[in-house]
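Please look over the sequence and the structure below before reading on. The paragraphs that follow go through the sheet, a helix and a few single residues.

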Amino acid sequence: MKFTKNSPCPCGSGKKYKECCFKWHKIGSAPNALLLMKSRYTAYAIGDADYVIKTTHPDSPHFEKDLNEWKRSVKEFGNSEFKKLEIIEFIDGDNEAYVEFKAYINDYVMHEKSRFIKDGKWFYIDGIQKDV
């Protein structure tokens, strides 16, 4: 099945992609860390490498200097089956925020507490993997 703007948004909002994460992808940011996290999950699910790169802080240990390789790996990861995103906790702050989540991808559950910082706009900085 081909993904379109009318497809259900992978973030689990129940809305169509064009009425949900698409707007954050189009402007390259989101107004808070929770929406950024959800829109980044969606970007991975649809292979939108540009959004993943734009929303990863340059000081993040996950920031890749080889942008072509980074884009290739995000697009390849987008071929995975993104089954569900479960938000466990959102701790908001003015310049730093945390989102704990479980992402069900293929037969794997990624459980992470992600840290986001505001540096003009919200960015993903790093995360701590949790035991599932």
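In which sense do β1 and strand β2 pair, and over how many bridges? The pairing of β1 with β2, which covers residues 96–105, is antiparallel and runs over eight bridges. Within this pair, Ile 87 has Phe 101 of β2 standing opposite. In general, the strands of a sheet are joined through backbone hydrogen bonds, in a parallel or an antiparallel manner. The model discussed here is a predicted one.

The two strands belong to an open sheet of four, ordered β1-β2-β3-β4, and the pairing is antiparallel. At the edges are β1 (82–91) and β4 (121–129), each of which pairs on one side only. From one strand to the next, the twist averages 30 degrees. Helix α2, made of residues 33–46, lies across β1, β2, β3 (108–119) and β4. The direction of α2 is at about 165 degrees to that of β1.

Trp 122 sits in strand β4. Is Trp 122 buried or exposed? The relative accessibility of Trp 122 is 4%, which is under the 20% cut-off, so Trp 122 counts as buried. Beyond its neighbours within four places in sequence, Trp 122 is in contact with several stretches of the chain. Ala 30, Pro 31, Asn 32, Ala 33 and Leu 36 are among its contacts, and so are Gly 93, Asp 94, Asn 95, Glu 96 and Ala 97, as well as Phe 116 and Ile 117. With Pro 31 there is also a polar approach: a polar atom of the Trp 122 side chain lies 3.5 Å from the backbone oxygen of Pro 31. Lys 38 is 84 residues from Trp 122 along the chain, and the C-alpha atoms of these two are separated by 13 Å.

Strand β3 holds Ser 114. Ser 114 is buried because its relative accessible area is 2%, under the 20% limit. Apart from residues up to four places away in sequence, Ser 114 touches Ala 97, Tyr 98, Val 99 and Phe 101, and also Tyr 124, Asp 126 and Gly 127. The side chain of Ser 114 is joined to that of Glu 112 by a polar contact of 2.5 Å.

Pro 61 is placed in the loop between α3 (49–54) and α4 (67–77). Its relative accessible area is 63%, over the 50% cut-off, so Pro 61 is exposed. Not counting residues up to four places away in sequence, Pro 61 touches Ile 125 and Asp 126. Pro 61 and Ile 125 are 64 residues apart in sequence, with a C-alpha to C-alpha distance of 7.6 Å.

The cysteines remain. How many disulfides does a search of the whole structure find? The search finds zero. Cys 9 is in no disulfide, and the nearest cysteine sulfur, that of Cys 21, is 3.6 Å away. Likewise, Cys 21 is in no disulfide, with the sulfur of Cys 9 as its nearest cysteine sulfur at 3.6 Å. A disulfide would need the two sulfur atoms within 2.5 Å. Cys 9 counts as buried because its relative accessibility is 6%, and Cys 21 counts as buried because its relative accessibility is 2%.

Definitions and conventions:
Residues are numbered from 1 along each chain as its sequence is written. This is a predicted model: local features need pLDDT of at least 70, side-chain atom pairs count only at pLDDT 80 or more; totals for chains, interfaces and linings use all residues. Side-chain values use heavy atoms; hydrogens and water are left out. Buried means under 20% relative accessible area, exposed over 50%, partly exposed in between (1.4 Å probe, protein chains only). Contact means heavy atoms within 4.5 Å. Two strands pair if DSSP finds at least two bridges between them. Axes are lines fitted to C-alpha atoms, for helices over the stretch in contact, and angles run from 0 to 180 degrees between N-to-C directions. A polar contact is a pair of N or O atoms within 3.5 Å; within protein, one must be able to donate a hydrogen and the other to accept it, and residues adjacent in sequence count only if both atoms are side-chain atoms.
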